[in-house]
Amino acid sequence: MKQVTQNFRQLGQQVLDIEKQAIEGLYEYLDDNFDAACQTLFNCKGRVIVTGMGKSGHIGGKIAATLASTGTPSFFVHPGEASHGDLGMVAAQDVVIAISNSGETSEVLNILPVIKRLGVPLIAMTGKPESTLARLADTHVCIAVAKEACPLGLAPTASTTATLVMGDALAVALLNARGFTADDFALSHPGGSLGKRLLLRLHDIMHTGERIPLVSETDIIRDALLEMSRKGLGMTAITDAQGRLAGIFTDGDLRRILDNQVDVHSTSIADVMTRSCTTANADMLAAEALKLMQDRKINGLIITDHEGRPCGAMNMHDLLQAGVL
């Protein structure tokens, strides 16, 4: 195999430097036009339609996805397909974001007459404020860069990075303006691990009823070990005469008492259990429970009700199985 003598690391550094400069250059474009674009999007009663050709289209798809997942209904329409029927997706109450670095992309310009006829507000994102698209738009957000990272100056690199970052700026500004919350975000991400972290609560995954490992504080260690084996959670809750949680006994506790040669057939579980144990309530987010367990360096939790009685139990395996871990 031929050995390449290029310094790949140095070339990569040059690309990062150029794209970093492109992002830094966007600060001057956070101006009245940016405010106007945000206000137009905020006032939109329909959906935000994003369109763009080639690499701008790929970036436009991501911008549309980000808007949609952060409280602004949005989708991407390919400008070529738009000229052959897909413009029917655009309604009068919508807003269109058209992306073209040159501002002269024919496929994008071809659909402008229909957009204008519908009276749909048009936001242009271009690198050329004097371009046709910029001049015909109601609002122009500049995404100009000094140069592309491509040494030929041909492949969209720094310009697409700048477009993506400006799209994120629009989306996050709208997110904050709408008062969009983590719960709102979770509603649009119910299927993934992110949604599970934001929506799943302990009552959704905890073991309840007969599946809770429970012994009385009057029982001996042997009884606790049998209960732990039956329920398979690596622990058991210990309750007092009123059924309230008195303590917990875990696999770790078992190892410690065996090291001390404690007789499991005669010693009361109350003598070896951990009394001040960490507990949770059933409405706690599973993600919060995970952090609690990691902070306390424990592998299981007893969930108690408002009277301190065990109503559930879970361990790290349950979080893993639920996709939270």
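Glutamine 261 follows helix α13 and has a positive phi, near 55 degrees. This is a predicted model.

**Helix α13**
- Helix α13 spans residues 251–259, and its buried residues are Gly252, Asp253, Leu254 and Ile257.
- The cover over these buried residues includes α12 (221–231) and β8 (245–250).

**Helix α12**
- In α12 the buried residues are Ile221, Ala224, Glu227 and Met228.
- They lie on the same side of α12, because they cover an arc of only 120 degrees around the axis.
- An α-helix has 3.6 residues a turn, so residues three or four places apart point the same way.
- Ser229 and Arg230 are exposed and sit on the face of α12 turned away from its buried side.
- Among the elements covering the buried residues of α12 are β6 (214–216), β7 (235–239), β8 and α13.

**Threonine 139**
- Threonine 139 belongs to strand β5, which runs over residues 139–142.
- With a relative accessible area of 8%, threonine 139 counts as buried, because the cut-off for buried is under 20%.
- Apart from neighbours within four places in sequence, threonine 139 is in contact with Asn33, Ala36, Ala37 and Thr40, and also with Leu122, Ile123 and Ala124.

Note on methods:
Residues numbered from 1 in each chain as written. Predicted model: local features only at pLDDT ≥ 70, side-chain atom pairs only at ≥ 80, totals over all residues. Heavy atoms only, no water. Buried < 20%, exposed > 50% of the residue type's maximum accessible area, 1.4 Å probe, protein only. Helix = DSSP H or I, 4+ residues; strand = E, 2+ residues; numbered from the N terminus. Contact = heavy atoms within 4.5 Å. Arc of directions from axis to C-beta.
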